[in-house]
Amino acid sequence: MALKARCEHNIGEQVEIGYREIGKLACWAASAGIKVLSIYEPEGKLKRIVQQLQHHVDAEARRFFAREGNIPILRVSVVYNSSSMEDIQADLQIILLSRSDGRGRIVEVTKSLASETLQGNLQSDAIDVERIDQAFSDSHFTEPQQLIMFSPEIDLQGFPPWQLRLTEIFHVAGNKHFDYSVFRKALIKYAKIDKRFGR
Amino acid sequence: MTITFESHTSEPKRPTSFPQISLLFTSPISYFTSVLRYLLIQILKQGPVPQHVGFVMDGNRRFAKKINVQTGEGHYLGFKKLEETLDICLQLGIKVVTVYAFSIENFKRPKEEVQALMELGKAKLIELCEHSDVVRKFGVRVRVIGNESLLSSDLRDIINKTKETTKDNYEAILNICCPYTSRDEIASSIRGVVNKAQQGEIQISDITENILEDNLYTSECPPLEILIRTSGEIRLSDFLLWQSHQNCSIRFVDCYWPEFSIWDMLPIFLEYQQNRQRK
């Protein structure tokens, strides 16, 4: 089940975001068979240190998967960069998100649709949910199936709204820590939800 | 519950009347429940109260199944619960209540069920604006928001009539989302903004978050502060995505909508008050 899952991880403000946590999280996700892991940090601090993060994730993966024959490829990137072949081959995509990927991105989409309309390439009536969704499709970041909160309350802090449509939002009331048990509970809950849908 | 009409000369009115003593003799249990509810509301009112609260009224069908009644009966109980919840919210002093009544996706349900829901919706809208004590007592403007073009013309007429009858009510707003999805709302906002750019009212460089927000159905409403979903589901299901993804507390409650009560609301509002006082 989790093989197809794209898992979202949302770091609440209470959590000190460190290289180490992200490295661990990436390894947990990879070993659970998750394909895309998006990490949201409102201010965009993580997006400024992509290279360092990649370095730490690689180091953590070498430790974590030391006893395995092969170490999975974990690729860190920001949302909107042109994809390369390398990205497609990665076992796990780690996408770094910030506030500007939310409403800011919707503003960008509106602007580009407006200029297409002004150039006469698009009728404004043709701007519907599908057309807008298409405009978002140039990134790896699509609708996540699950969002894990490591914070005690559900405050989305500006997480991209368009992509939140059907996302399962998981949190443990009272939890203030970054913890493997939260991640594990979330995956179990997700698996149960999917089963019920099948009925 | 008995309603007393207050004269409109006194200052703005959020009438909450103490339950009438006569109820004590006819139905003692409901008398004491009413007294308790009245007291709880009085206590909560002492602290800060959110301006705008949203509800995903989920679980009517599952509740019907649970108590072994027809699906339609479940929806009917759901509407009753809406009126009761609205009453509590308005007594607390909440200005805007937005509810998810019907999703555009719900058109995929069996035809008979959609038909029955629409009929119930019509009847309830008429009831809300003509006979509802809650709407009258609190001066509620009833708005139906969503993609009207997907509704039948007679339902659209009733919606317009509802808007017309309650348009002078300024104390509070009830937004009934039908048929609605948040993505459809955002799309309609984007379309509106693009149209303005096309007509030269604005430049493309003027397009901002605020302009998009001003073109949402909720543009006249204060920001959403609490979003409550019943039935234990932990998704937003395309409801108020833009409005709830920041500065809003999202609460998933593990009971079906017809079972939702003031006891489920109490911890949510108390926590809201605690958080506000901490800030």
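Q: What makes the largest nonpolar core a core, and which residues have the most contacts inside it?
A: In this predicted model, the largest nonpolar core holds 48 residues, and B:Phe55 and B:Leu174 are those with the most contacts inside it. The name applies because such a core is a set of buried residues of nonpolar kinds joined through side-chain atoms within 4.5 Å.

Q: How do you know which residues B:Leu174 is in contact with, leaving aside its neighbours within four places in sequence?
A: A contact requires heavy atoms within 4.5 Å, and with those neighbours left aside B:Leu174 is in contact with B:Leu86, B:Val97, B:Val99, B:Leu128, B:Val140, B:Arg141, B:Val142 and B:Arg143.

Q: Why is strand S3 of chain A called mostly covered?
A: Buried means under 20% relative accessible area, and four of the five residues of S3(A), which spans residues 74–78, are buried, so the strand is described as mostly covered.

Q: What makes S3(A) and strand S4 of chain A a pair?
A: Pairing requires at least two bridges, and five bridges join S3(A) to S4(A), residues 92–97, so the two strands count as a pair, and they run parallel. One of the bridges has A:Leu74 as the partner of A:Leu92 in S4(A).

Q: Why is the space lined by residues including B:Phe79 and B:Ser132 called a cavity?
A: The term applies because a 1.4 Å probe fits there but cannot get out. A search of the whole structure finds two cavities of 30 Å³ or more, and the largest cavity has a volume of about 80 Å³. Its lining consists of B:Phe79, B:Lys80, B:Leu82, B:Glu83, B:Lys124, B:Glu127, B:Leu128 and B:Ser132, and the elements giving two or more residues to that lining are helix H4 (71–92) and helix H5 (111–130) of chain B. H4(B) gives the most, with four residues.

Q: How do the residues of that lining divide into nonpolar, polar and charged?
A: The lining of the largest cavity divides into three nonpolar, one polar and four charged residues.

Conventions: Residues numbered from 1 in each chain as written. Chains lettered and ligands numbered in written order. Predicted model: local features only at pLDDT ≥ 70, side-chain atom pairs only at ≥ 80, totals over all residues. Heavy atoms only, no water. 1 Å grid on protein atoms, 1.4 Å probe; cavity = no way out; pocket = protein on both sides within 12 Å on 5 of 7 lines; lining within 4 Å. Points joined across faces, edges and corners; volume = space filled by probe spheres on them. Nonpolar A, V, L, I, M, F, W, Y, C, P; charged D, E, K, R; others polar. Buried < 20%, exposed > 50% of the residue type's maximum accessible area, 1.4 Å probe, protein only.
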